[in-house]
Amino acid sequence: MMSDTMPDLFGGSSSGGVSRHEEGARRSESSPSRRAAGTQPLADRLRPQSLDEVQGQVHLLGPEGTLTRMLGSGHLSSLILWGGPGCGKTTIAQLLAERVGLFYTKISAVFSGVADLKKAFDEARRKAEATGRGTLLFVDEIHRFNRAQQDGFLPYVERGTVVLVGATTENPSFTLNSALLSRCQVLVLHRLDDAALEQLLVRAETATERTLPLTDEGRASLRAMADGDGRYLLNMVEQLLSLTKDGTRPLGPEELARSLSRRPVLYDRDRDEHYNLISALHKSLRGSDPDAGLYWFARMLEGGEDPRYIARRLVRFASEDIGEADPTSLPLAQAGAMAYERLGSPEGEVALAQVVVHLAVASKSNAVYRAYNEARVLAKQTGSLMPPAHIRNAPTALMKELGYKKGYEYDHDCEDGVSGQNYFPDGMERVTLYRPVDRGFEERIRKRLDMLAQKRASRQS
């Protein structure tokens with residue numbers, strides 16, 4: 001009986017290679033059968049037959065790519081492929097199995113459960129015992145397995161029963177448990193860029209022996225409509241060719257838009273893209289870029305985000321990143337949120353857009369935000385220190401006898417409206433928490449605070 005330890009992934013031969021006959025046999029065993037070309041979707045017909053044909057993932061499969069180096073070392077570790085739809089996750093998993101001579105088994109977390117996993121693991125063990133070859137288990141949408149199900153992978157990955165390749169469109173940090181992540185290498189797949197999409201269009205024209213009836217602008221619009229999804233692009237090509245004939249007048253962007261539907265925007269209000277875009281909006285405003293701010297604001301709205309959520313974040317930004325540098329920002333952000341509640345969509349979004357622009361161009365300071373955080377730390381450190389007696393309230397005769405309010409000076413009666421008295425607990429050294437910057441209204445505040453500091457200093461001398 002053979003152990004569950006994974007055999008040499010490249011066949012175990014001293015020469016380090018396999019014959020073309022052996023490679024062909026392995027390809028037929030590990031690859032799903034292909035349908036006849038007449039019924040086979042174009043995206044499947046153009047699926048890469050080798051890792052060299054995969055588009056848009058040079059950082060993984062180029063000469064210095066992560067997977068290239070991994071394969072060159074003779075060892076394939078378990079992987080998590082993280083990327084959007086149509087960027088090649090399934091194709092790469094299948095081609096990796098072919099490249100290293102592993103059996104290929106695919107399951108989907110959407111349709112599979114514990115019984116399916118156990119069956120896959122048992123089958124992988126039997127094949128290893130019978131042939132000496134391991135199995136690459138590809139798990140599509142692996143993030144849909146719950147934590148307990150994910151734990152079920154651990155012993156089989158550790159013993160080498162399978163090389164696990166999981167595919168996910170969600171951030172693995174949030175959707176996969178740490179134990180599984182520690183046993184896998186996470187590889188990020190990029191959405192296909194414009195050059196990679198154009199290569200797919202050229203391959204599609206070669207395979208179909210037809211030139212796409214598009215103007216240059218229409219061709220660029222078709223790539224944009226795919227939004228980085230290669231499979232969706234090829235599906236649109238197939239649809240376009242079925243709607244047109246040879247000799248059709250080339251279509252521009254407007255005619256193309258009437259014929260084909262644009263790919264829906266990738267956005268989920270409860271998942272990673274939600275946090276990525278709100279972070280982009282926040283940082284664009286902090287960077288004083290109104291154009292970028294408006295872009296990310298519109299992206300979130302187009303993705304179906306609740307404008308009330310954006311409004312709340314804008315109010316927070318006004319305090320956190322602007323503060324007293326522009327005191328009008330907080331009431332304006334609140335007014336924008338109230339305007340949206342009054343007007344609703346789509347008119348209310350214009351009010352929020354005004355807030356976005358105002359916050360972007362306003363002078364910035366996080367002095368209030370930092371001062372508040374420092375004050376919280378200081379409050380925890382100093383515990384229950386009492387206010388000095390002269391600023392304690394004295395509503396009763398006993399309190400007056402105890403010295404409450406004794407020596408208090410009414411600031412309005414003092415020169416410049418400032419007494420300069422101490423307001424920190426007795427025995428506690430004075431701490432500077434609020435440090436205004438030399439920008440916007442805070443520049444004026446800083447000058448006044450300098451005057452107040454001199455007043456306190458003169459009283460102590």
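Reply: A helix or strand is here a DSSP run (H or I with at least four residues for helices, E with at least two for strands), numbered from the N terminus, and an axis is a line fitted to C-alpha atoms, for helices over the stretch in contact, with angles running from 0 to 180 degrees between N-to-C directions. In this structure, helix α11 (residues 194–208) and helix α13 (residues 230–243) have axes that come within 10 Å and cross at roughly 40°. The model is a predicted one, in which local features need pLDDT of at least 70 and side-chain atom pairs count only at pLDDT 80 or more, while totals for chains, interfaces and linings use all residues. Residues are numbered from 1 along each chain as its sequence is written, and side-chain values use heavy atoms, with hydrogens and water left out.

Me: What word describes how α11 and α13 lie to each other, and which hand does their crossing have?

Reply: Angles under 35 degrees count as roughly parallel, over 145 as roughly antiparallel, 65 to 115 as roughly perpendicular and the rest as oblique, and α11 and α13 are therefore oblique to each other. A crossing is left-handed if the near helix is turned anticlockwise from the far one by less than a right angle, and right-handed if clockwise; α11 passes α13 in a right-handed crossing.

Me: Which residues of α11 and α13 meet?

Reply: Contact means heavy atoms within 4.5 Å. From α11 come Leu 197, Leu 200, Leu 201, Ala 204 and Thr 208, and they meet Gly 230, Leu 233, Leu 234, Val 237 and Leu 241 of α13. To sort such residues, Ala, Val, Leu, Ile, Met, Phe, Trp, Tyr, Cys and Pro count as nonpolar, Asp, Glu, Lys and Arg as charged, and the others, Gly among them, as polar. By that sorting, the contact of α11 with α13 has eight nonpolar residues, two polar and no charged.

Me: How do α11 and α12 pack?

Reply: The axes of α11 and α12 are 10 Å apart, at an angle of about 110°, and the two helices are therefore roughly perpendicular to each other. α11 passes α12 in a right-handed crossing. On the α11 side the contact is made by Asp 194, Leu 197, Glu 198, Leu 201, Val 202 and Glu 205, and on the α12 side by Arg 219, Leu 222 and Arg 223. These residues divide into four nonpolar, no polar and five charged.

Me: Which residues of α11 are buried, and what covers them?

Reply: Buried means under 20% relative accessible area, exposed over 50%, and partly exposed in between (1.4 Å probe, protein chains only). In α11 the buried residues are Ala 196, Leu 197, Leu 200, Leu 201, Ala 204 and Glu 205, and their cover includes α2 (42–45), α12 (216–226) and α13.

Me: What span does α11 reach, and what span is expected?

Reply: The expected span of a helix is 1.5 Å times one less than its number of residues. With 15 residues, α11 reaches 21 Å from its first C-alpha to its last, close to the 21 Å expected. Just after α11, Glu 209 takes a positive phi of about 55°.

Me: Is Leu 187 buried or exposed, and which residues does Leu 187 touch?

Reply: Leu 187, in strand β5 (residues 185–188), is buried, with a relative accessible area of 3%. Not counting residues up to four places away in sequence, Leu 187 touches Leu 60, Thr 66, Leu 67, Leu 79, Ile 80, Leu 81 and Trp 82. Although Leu 187 and Leu 60 are 127 residues apart along the chain, their C-alpha atoms are separated by 7.9 Å.

Me: How many helices and strands are in the protein chain?

Reply: The protein chain has 22 helices and five strands, and buried residues make up 42% of its 461 residues.
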